[in-house]
Amino acid sequence: MNTPLDLKIKLLPASDFTLAELTAIYNQTRVDYLVPMPMNAARLADYISTYDVSLKRSLVAMQGDQLRGVAMLGARPDRAWVTRLGVIPTTRRTGVGEALTVGLLEQAEKLKINFDMLEVIKNNTPAHTLFRKLGFYEVGELLVLRRSPILPPDPVVAEAERLDRAEALILVGRNRGTQPWTNQSESLFNAQEVSGLHVTLVDGSRGWLVYQRQKFTLTRFIYKTEVGDPVKVAYAFLSHLHQQYPRLDTQIENIQLNDPHLPAFYKMGYVESFRRIEMWRGAPPESLQAG
Ligand SMILES: CC(C)(COP(=O)(O)OP(=O)(O)OC[C@H]1O[C@@H](n2cnc3c(N)ncnc32)[C@H](O)[C@@H]1OP(=O)(O)O)[C@@H](O)C(=O)NCCC(=O)NCCS
């Protein structure tokens with residue numbers, strides 16, 4: 001049977017809509033989401049610029065004059081990111097989510113990008129099944145962690161030097177391999193209020209932390225142990241950071257499950273909020289291998 005014309009799924013560029021309209025449709029698709037993440041237009045604007053989302057290549061799904069769903073595409077050299085996908089609950093299981101995702105993958109191909117990335121919250125079976133169906137495969141598990149400012153900061157255990165934005169971004173560097181999108185260097189380069197800390201311990205261990213300070217929250221950590229034990233180095237930079245900002249909440253996302261620094265985070269009072277599954281489609285091109 002042919003679908004009546006006005007029930008056919010139409011995909012329109014998200015750039016045809018205002019940020020307020022996109023925010024409203026996104027929020028409608030997430031009313032029953034596993035982890036509540038309500039958006040407002042200002043946060044969406046920030047999201048778009050931090051993560052290089054192309055509204056021209058992002059899509060809104062309509063049937064007749066009814067809005068049905070939205071999906072956004074982040075694009076950086078040699079890689080694309082599928083994000084903010086959602087379908088209005090009453091319209092689910094009618095092919096809109098698949099049409100939106102296929103539409104985004106076609107947009108990436110138009111940019112000659114054949115390597116697509118995404119993260120899906122663990123136990124989100126509908127989305128996980130959809131992505132498997134479209135050729136995405138699991139790469140690993142990622143942690144989203146939070147530390148409450150109610151905890152008193154531990155005493156500092158090392159010398160620390162503060163780094164301004166320019167110094168911090170030099171340390172982050174460019175060639176960091178296939179990090180999850182949110183933690184790629186570009187996300188830090190695009191973010192405001194980025195700075196860092198370099199710590200040196202008495203036993204010679206040393207390393208650094210780069211972070212973003214938002215109004216109420218510390219976030220977007222990138223860190224490295226240059227010499228010594230990662231747990232000791234992380235404990236040292238975290239003790240400095242939380243002494244410096246005792247009143248700020250901390251939320252960090254997409255930390256690899258096998259990150260050797262993790263015990264220091266737990267010792268410092270970080271707890272797991274939830275987990276995501278990292279998925280890829282296609283193979284990472286050589287240009288993205290860490291150098
Ligand atoms: C995930 C989501 C976008 C799927 O949209 P949808 O329009 O219902 O999906 P479709 O009808 O296009 O289904 C396409 C495929 O997805 C999978 N799928 C969708 N819903 C499913 C469910 N409830 N259980 C299992 N598989 C499901 C199936 O493989 C399906 O193919 P099939 O019909 O041949 O079995 C939708 O459930 C949603 O908006 N969820 C809330 C927001 C969300 O989770 N976004 C993704 C964040 S990563």
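Good morning. I begin with F221, which counts as buried because its relative accessibility is 5%, under the 20% cut-off. Please bear in mind that the model before you is a predicted one.

F221 has a ring partner, F265, and the two form a tilted aromatic pair, with 6.4 Å centre to centre and 40° between the planes. This pair links distant parts of the chain: F221 belongs to strand β10, F265 to helix α8 (residues 262-267), and 44 residues separate them. F265 also counts as buried, because its relative accessibility is 1%.

A further pair joins Y223 and F265; this one is also tilted, at 5.4 Å centre to centre and 45° between the planes. Here too distant parts of the chain are linked, with Y223 in strand β10 and F265 in helix α8, 42 residues apart. Both Y223 and F265 are buried. Together with F237 and Y270, the residues F221, Y223 and F265 form one aromatic cluster.

I turn now to the second largest pocket, whose volume is about 390 Å³. Its lining has 15 residues, and the closest to the pocket centre are R176, Q179, I222, Y223 and D259. Which element supplies the largest share of this lining? Strand β10 does, with 4 residues.

Finally, two charges sit over rings. K267 lies over the face of Y235, at 4.1 Å from the ring centre. The charged end of R30 sits over the ring of Y33, 4.2 Å from its centre. Thank you.

Key:
Residues numbered from 1 in each chain as written. Predicted model: local features only at pLDDT ≥ 70, side-chain atom pairs only at ≥ 80, totals over all residues. Heavy atoms only, no water. 1 Å grid on protein atoms, 1.4 Å probe; cavity = no way out; pocket = protein on both sides within 12 Å on 5 of 7 lines; lining within 4 Å. Points joined across faces, edges and corners; volume = space filled by probe spheres on them. Helix = DSSP H or I, 4+ residues; strand = E, 2+ residues; numbered from the N terminus. Phe/Tyr/Trp six-rings, centres within 6.5 Å; stacked < 30°, edge-to-face > 60°. Buried < 20%, exposed > 50% of the residue type's maximum accessible area, 1.4 Å probe, protein only. Lys NZ or Arg CZ within 6 Å of the ring centre and 35° of its normal.
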